[in-house]
There are 2 protein chains.
Amino acid sequence: MRAWARLMRAQATTKRELAAGLQAQHGLSMTAYEALYVLSRSEGGRLKRVELAERLVLTPSGVTRLLEGLEAAGLVERVACDTDLRVTYAQLTDAGVEKLEQASCGHTGSVRSLFEEHLGDDEIEQLAELLGKLPGALDEGEVCPRD
Amino acid sequence: MRAWARLMRAQATTKRELAAGLQAQHGLSMTAYEALYVLSRSEGGRLKRVELAERLVLTPSGVTRLLEGLEAAGLVERVACDTDLRVTYAQLTDAGVEKLEQASCGHTGSVRSLFEEHLGDDEIEQLAELLGKLPGALDEGEVCPRD
DNA sequence: CGGGTATAGTTGACTACGCAAGCAACTCTA
DNA sequence: TAGAGTTGCTTGCGTAGTCAACTATACCCG
């Protein structure tokens with residue numbers, strides 16, 4: 001129960017703090033950043049919109065809205081699937097790759113320093129381990145940034 | 001970094017799941033529930049709006065909006081402060097107390113079973129410990145439901 | 001006392017979602 | 001090969017929350 005309350009609070013505060021920085025420095029929302037990141041780690045920089053939704057813990061409609069913005073910004077583009085006319089892939093553009101690279105440096109730094117400010121390396125590791133057991137952890141395509 | 005990603009994902013998924021139940025069974029949003037809870041644990045069942053905002057990780061305006069709803073539902077009422085005309089307390093009503101009691105039983109049960117489904121007791125304890133070190137953990141007035 | 005600054009709270013405009021409904025396109029079953 | 005059901009995606013509408021601007025009260029210092 002304490003765990004629950006703290007999970008909520010820790011996420012809310014850290015997210016708020018980091019989102020502000022990301023927005024200020026690169027004009028990206030957290031969700032947008034994560035979308036770019038997830039795409040960059042995917043086969044060919046593309047993903048079905050449904051899969052993207054799952055990875056971002058969003059509903060399909062949320063993805064549609066999110067991608068509206070990213071497409072308008074030219075960071076992502078739509079690519080049709082030739083074996084199934086229903087699906088459209090979200091494809092990372094060159095601009096998207098670049099944007100992500102610019103942003104990721106500063107962002108991962110912020111994340112890291114935020115955590116290291118409060119926890120030791122082994123504790124962070126332990127935390128990741130425990131959180132990984134909760135629902136929402138990915139089975140494959142695990143989000144796992146370079147180091 | 002993995003810790004970060006997982007913190008986001010774990011919170012998003014668990015929150016979504018539990019919020020649905022709470023809404024369906026008692027017509028309360030997670031935030032509303034937590035507000036009632038925090039108030040119930042406070043001196044006299046009341047709190048300055050600013051303090052409430054801090055505890056809920058919300059902005060003052062968010063609190064105003066939230067309380068609009070709770071006041072309309074008669075679960076909370078405004079009480080003026082006689083030493084400082086600027087402040088208005090949010091005061092839990094009898095109806096609010098009752099509502100909270102109804103909801104808390106089922107809700108804490110859901111939370112507990114969600115966690116116990118994935119983690120052992122000692123792991124939960126450990127998780128709470130680690131999360132408590134991150135920013136957002138309360139120094140006083142700790143959110144800490146009866147067991 | 002009077003003016004500057006800080007603090008509590010509200011409001012309007014906006015964003016980011018979720019949900020329910022809908023339309024295509026695919027697949028399965030007879 | 002014609003439904004019937006399923007899946008991928010979008011759209012309209014509602015809600016929760018933010019930010020910026022504002023009002024009103026409180027405090028502080030000459």
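Helices here are DSSP runs of H or I with at least four residues, strands are runs of E with at least two, and both are numbered from the N terminus.

A quick word on what you are looking at, everyone. This is a predicted model, where local features need pLDDT of at least 70 and side-chain atom pairs count only at pLDDT 80 or more, while totals for chains, interfaces and linings use all residues. Residues are numbered from 1 along each chain as its sequence is written, and chains are lettered from A and ligands numbered from 1 in the order in which they are written.

Back to our helix. Which residues of H1(B) are buried? Among them are B:Trp4, B:Leu7, B:Met8 and B:Gln11; buried means that 20 or more other C-beta atoms, placed from the backbone, lie within 10 Å of the residue's own. The cover over the buried residues includes H1, H5 and H6 of chain A, along with H5 of chain B. Just past the end of H1(B), B:Gly27 has a positive phi of about 65°.

Now the contact between the chains. Chain B puts in 39 residues and chain A 38, counting two residues as touching if their C-beta atoms, placed from the backbone, lie within 7 Å. H1(B) gives the most to chain B's side, with 14 residues.

One of its neighbours across the contact is H6(A), residues 121–131: the two axes come within 8 Å and cross at roughly 35°. Those axes are lines fitted to C-alpha atoms over the stretch in contact, and angles run from 0 to 180 degrees between N-to-C directions. Here A:Ile124, A:Leu127, A:Ala128 and A:Leu131 meet a set of H1(B) residues including B:Arg2 and B:Arg6.

Last stop, chain A's sheet. Three strands form an open sheet in the order S1-S3-S2, with antiparallel pairing; a pair needs at least two DSSP bridges. S1 (46–48) and S2 (76–80) of chain A stand at the edges with a single partner strand each, so one side of each has no neighbour in the sheet. S1(A) is joined to S3(A), residues 88–92, by three bridges, and A:Leu47 has A:Ala90 as its bridge partner. Helix H3(A), residues 49–56, packs on the sheet and touches S1 and S3 of chain A.

Definitions and conventions:
Buried ≥ 20, exposed ≤ 12 C-beta atoms within 10 Å, placed from the backbone.
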